[in-house]
Amino acid sequence: MDFWFILGVILKMAFILGVALLLYAPVFVLFERRQSAYFQDRLGPYMGGVKMPRAVIDNLPMLQMGGYASAAGAGATALLSIVMVFLGHAGEPGLWILPISWGTLLLLSALGAPAQAVGAFVLPHLFYRDRLTLFGGLHAVFDAVKSFTKEDIVPPRADKFLYSIAPIIAMIPAFSLGAVIPFGPDLHLDYLFDTLPTEGVIDGPVAHLQVASLNVGILYIFAIGGTGVISAAIAGYSSDNKFALLGGIRAASQMVSYEVTLGLSLVGCFMLYDTLRLDEMVTWQSENSFLGIFPAWGVFYQPLAFVLFFFASIAEYKRVPFDAPEGESEIVAGYFLEYGTGKWLMWMISEFLEVAISSMLIATIFFGGWDVPGLTRSGWEAFGYHFDLSGTNWEFLSNFANSHLFVTVVSIAAFLGKALLLGILSLQVRWTLPRFRYDQIMQLCWKLFLPLSLLNVFVTGVLILLFS
Amino acid sequence: METNYEELDEDGQLELPAEPMRLNMGPSHPAMHGTIRMVLDLDGETITDVDIQPGYLHRGFEKSCERGTWNQVFPYVDRLNYVSPMLNNVGFSLAVEKLAGLKVPERCTWYRMVLGELARISDHLTCNSASAMELGAFTPFLWCIKTRDFVWDILEQETGARLTHSFGRIGGMAKPPTEHFKEHTLAVLPQVEESIAETEALLLKNRIFLDRMQNVGNLRPERALALGVTGPVLRSTGVDYDVRKANPYMFYKDVDFDIPVGHDGDNFDRFMIRFEEIRQSIRIIRQCVEKMPDSGPVNVDDPRFVYPDKSQVYNTIEATIAHFKMVMEGVKVPAGEVYSYTEGGNGELGFFIVSDGTGTPYRVRVRPPCFLNLQACREMLVGDMIPDIVPTFGSINMIGGECDR
């Protein structure tokens, strides 16, 4: 428990929560609300933004032109660098005067030119009139600020303590589930810019990119995730509203039921990976391969479990078509009917965080987590060929692509991208499917999902016995 | 009588005393369309009893009609079933013409039929898509409402208003058809067909939607007849009563169309019947457009009932006086009483009007199809669950303006 350990944990917590709160939640909110706006030919939540000085707004076309010009310059530099590297001057100072070499210059300008061109292209869309809105992404932030500054109204006959604590309890699983999710491979701090060996133990300080590597792993997720039901139940109970009570009861029974499927659908994965730890699951998936060419992602071995787990998790965070606890057309808003202002915001944040966290979980268990096909600890590798250009003029390129830091960054980005896509997929369901009736949700769980997940366990067991 | 729950317990099991929860739903509740209050007795989520209380949109329609002239009733009837106002306009025109013994020109009748069927299309599109939306499927709503706007574009082009047309007149219509009426109408019909097909493709293979609609809100034909239910709700139970066939008014006996009937009287049947009726309406419109003459008068040639032409009003003293008398005193409808009924969007829309020979109606009584359909709602709902209220109540298509008047 030294200083560096604690600092590392704090940084990792900040990263995973920051990604969930500042990237996923606004993107999901934006995706959902802007999409509905596009459907209906209206502008949608777009106006919230930071007021910018007149000089910036008026000169946006100039800035855009400058961006394009800069991109063109970078492109020219890249072409020149390619020529110079081709001629064998990769190690010499770039443009004959810069402190960086031609090779580094090529990397920087080749990445920078498209980035600047795209940046210049989207620049005007980041603004609405005289405000910086980031495509409307800042609207969610402004909504949050607005919610917290409104008058807090508690129903007069509500149980004030339970009413107030329910949204706080709802935040607990949303915030603490991220702790066991591995978001990247081990980071060897001494060798950030080197290419790691493919095999063997590496000495020196190591940062596990996972807040807590618990040996109970996935069980922790079920334990903490199970507390979510408490918040919905006591919110429904304490609000002094019959609609809220109905919603609370629906939420309680639905979440408890689907937790069974949620757990049982993963048993096959435990048997396959032979571990409960999420980081070891990812390692297993990245080290094996499926039929020789495909990555050994859980979804290929356990497709049924993936489908069951995906839908059970949608039911867990109560979104369409499993949103009977909210059932806007029959019980108005369900268990958080009486909530307003910041408390309502806490419900919303916890809901979107749960979407984010369960998408991360699905990405970890079924889509190889941070695993990228063709990317190993020592760099890019496919069909037995290791990407290595040493001995040629282009040596710096493979050194860069195979460097430990770059590999790690690509892995983390792959993980975040997978989770983001899964989250958007689960939100996308909303526009097409009608809502289940409460008893149909229960029937679906106990009569279809549960037997199927048991069948999955059975078949997986038989196959493992046969092939091992 | 107080029930002693301990005595009820025969198997020696511990029974907790439970009494039904009384839940007040509406009038400000998303499923109640803002105008209905339902007091539910609930056993868990199952509805054991329901008390349906309409009347929150009562505006004194019938009394208001007795205060103005005959032609001033038209803006009021617009606001009965405000999803298909043209059908109400036509219905009231027919009632007064029946009392006055007027026979409108052939062109006007075809014109009324086309406009009325367009209104029926817009009514059914709204009802069905809103039903789907209330179940959570948002996309069909947007598709159908987009198409409804195309239908309304035609109505706007003809009448000048999208919703409250006030277009009917005694002995004719306010204006003759516009120049491009026929081609525009025929151009919209394929779009309606396409959006229905799209919606059906999205919903009818969806297990969730079928489970929510099928076998929910059942109504038996004998109960439906006993309660005076008409329209798509009655036809869903298997009774093929449609005023257009049973008592053909206008030229409905000259056009070829079918009456779709259901079998179970459940929400799904009502949903399917509305879409099928849209298809039948399209058939009717195509035939009407074919048969409608391109020229000829739209109003009857009877200066007692029809306003004189504006050029006459401004230039001749006789027409000015006639116009003045007609506006200030109203057209003089012969004394007597009549009941005239047409097929509205929701069923038999009847007007019982009494005239004492003056320019003002003595009594205008509406038989609103919604109100009588709503009577059956209790029987449909008891025994179902709370979420079933949404599709069941939605498929009755209760329109507050018509129900409460």
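Leaving aside its neighbours within four places in sequence, which residues is Leu118(B) in contact with? The points below take this up after an introduction to the model.

1. This is a predicted model, in which local features need pLDDT of at least 70 and side-chain atom pairs count only at pLDDT 80 or more, while totals for chains, interfaces and linings use all residues. Residues are numbered from 1 along each chain as its sequence is written, and chains are lettered from A, with ligands numbered from 1, in the order in which they are written.

2. Chain A has 16 helices and 10 strands, these being DSSP runs numbered from the N terminus (helices are H or I with at least four residues, strands E with at least two). Its C-alpha atoms fill a box of roughly 80 × 70 × 45 Å along the principal axes. Of the 468 residues in chain A, 40% are buried, where buried means that 20 or more other C-beta atoms, placed from the backbone, lie within 10 Å of the residue's own.

3. An automatic or database domain assignment divides chain A into domain 1 (3-46 + 152-467) and domain 2 (66-128). The centres of these two domains of chain A, taken over C-alpha atoms, are separated by 37 Å. Five residues of domain 1 of chain A are in contact with seven residues of domain 2 of chain A, contact being defined by C-beta atoms, placed from the backbone, that lie within 7 Å.

4. To return to the opening question, Leu118(B) is in contact with Met86(B), Val151(B), Ile154(B), Leu155(B) and Ile285(B), once neighbours within four places in sequence are left aside. Leu118(B) is also, with Ala25(A), Phe352(A), Ala356(A) and Val96(B), one of the residues that touch the most other members of the largest nonpolar core, which has 196 residues. Such a core is a set of buried Ala, Val, Leu, Ile, Met, Phe, Trp, Tyr and Cys residues joined through C-beta atoms within 7 Å. Helix α13 (residues 341-366) of chain A gives this core its largest share, 15 residues.

5. Between the chains, 24 residues of chain B are in contact with 23 residues of chain A. On the chain B side, the elements that each supply at least two residues include α5 (106-134) and α6 (139-159).

6. In chain B, strands β6 (residues 336-343) and β7 (residues 348-355) run antiparallel and are joined by eight bridges, two strands being paired if DSSP finds at least two bridges between them. Tyr341(B) stands opposite Gly350(B) in β7(B). Six bridges join β7(B) to the antiparallel strand β8 (residues 361-367) of chain B, with Val364(B) as the bridge partner of Ile353(B).

Notes
Two residues are in contact if their C-beta atoms, placed from the backbone, lie within 7 Å. A residue is buried if 20 or more other C-beta atoms lie within 10 Å of its own, exposed if 12 or fewer, and partly exposed in between; C-beta atoms are placed from the backbone.
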